Each structure stands twice: as C-alpha cells, then as structure tokens.
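Reader: I'd like to learn how to read a structure feature by feature. Could you walk me through one?

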Amino acid sequence: FVDAERRLLSCGSKDDDEGVCAAALGHGEGVDEVAVPTPIPALQGVRISTVAASMHISLAVSEAGRLYSWGEGSLGHGANDEEEEELFTPTPIAALSAVRVH
C-alpha cells in the first residue's frame with residue numbers, strides 16, 4: 001500500500017504451505033507476520049510512486065526514480081551482483097543506480 005504521504009506499507013504473513021516468502025514483506029529478517037498495514041522501516045523518508053508485489057518478490061519505485069527490490073532471491077530480484085537466498089529489506093538495484101526509473 002502507498003499512503004497519502006507516499007510511504008510504503010505492507011502486511012501479510014509467511015505461509016510455507018502456499019510458498020509465501022516472509023522476505024517479500026520488507027520488514028526485516030525474522031519478521032514473518034505483519035497484521036496491519038505498517039510502514040516499511042528501510043524506506044523511511046523515501047517517497048514511493050509505484051509498487052508491485054507478489055507472494056515472492058516486491059518492487060517499489062521512488063519519486064526520485066530509484067528502483068528497490070526485496071523478497072525471494074532465487075527468483076532473481078536483482079538488487080545487487082551477489083546471489084541472495086532472500087533479501088529481507090528493500091534494496092536499491094545496483095545495476096540501475098545511474099538510471100532514473102519512471
């Protein structure tokens with residue numbers, strides 16, 4: 001969810017039976033459930049213009065044009081050059097650091 005102040009909020013829970021990845025919530029390692037829409041701490045002060053989310057991966061574009069990614073790494077979230085199993089907090093995609101995303 002993006003609120004009126006352009007903050008990104010998320011909620012949900014990990015579900016191993018359904019394959020839902022807790023990392024896609026963006027609230028950090030060890031957070032498997034967020035009961036109500038809650039601002040994502042790693043994006044404090046970042047105004048979000050667009051968001052896309054699934055059970056496995058989440059993406060957000062800031063008003064400044066930075067693309068952030070987090071979630072299941074085996075699906076190629078692309079946040080950096082290292083292969084991560086899971087990325088628990090929104091991270092700018094390094095390969096696009098010189099590009100303004102719209």
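Reader: Glad to start. What percentage of the residues of the chain count as buried?

Author: First, some ground rules. This is a predicted model, in which local features need pLDDT of at least 70 and side-chain atom pairs count only at pLDDT 80 or more, while totals for chains, interfaces and linings use all residues. Residues are numbered from 1 along each chain as its sequence is written, and side-chain values use heavy atoms, with hydrogens and water left out. Buried means under 20% relative accessible area, exposed over 50%, and partly exposed in between (1.4 Å probe, protein chains only). Here, 33% of the 102 residues of the chain count as buried.

Reader: How many helices and strands are there in the chain?

Author: Both are DSSP runs numbered from the N terminus: helices are H or I with at least four residues, strands E with at least two. This chain has zero helices and six strands.

Reader: Which residues make up the largest nonpolar core?

Author: In soluble globular proteins, nonpolar side chains tend to be buried together. A nonpolar core is a set of buried Ala, Val, Leu, Ile, Met, Phe, Trp, Tyr and Cys residues joined through side-chain atoms within 4.5 Å. In this model the largest one has seven residues: Leu8, Ile40, Leu43, Ile48, Ala60, Tyr68 and Trp70. Take Ile48: beyond its neighbours within four places in sequence, its contacts (heavy atoms within 4.5 Å) include Leu8, Leu43 and Ala60.

Reader: And pockets? What is the volume of the largest pocket?

Author: Rolling a probe the size of a water molecule over the atoms shows where empty space is left. On a 1 Å grid over the protein atoms alone, a pocket is an open set of points where a 1.4 Å probe fits, with protein on both sides within 12 Å along at least five of seven lines; lining residues have an atom within 4 Å of a point. The largest pocket has a volume of about 230 Å³. Of its 20 lining residues, Ser10, Cys11, Ala24, Ala53 and Ser58 are the closest to its centre. Strand E1 gives the most to this lining, with five residues.

Reader: Where is Ser10 found, and is it buried or exposed?

Author: Ser10 is found in strand E1 and is buried, with a relative accessible area of 11%.

Reader: What does the side chain of Ser10 reach?

Author: A polar contact is a pair of N or O atoms within 3.5 Å; within protein, one must be able to donate a hydrogen and the other to accept it, and residues adjacent in sequence count only if both atoms are side-chain atoms. The side chain of Ser10 reaches the backbone oxygen of Leu25 at 2.6 Å, and makes a polar contact with the side chain of His27 at 2.9 Å.

Notes: Grid points are joined across faces, edges and corners, and a volume is the space filled by probe spheres set on the points.
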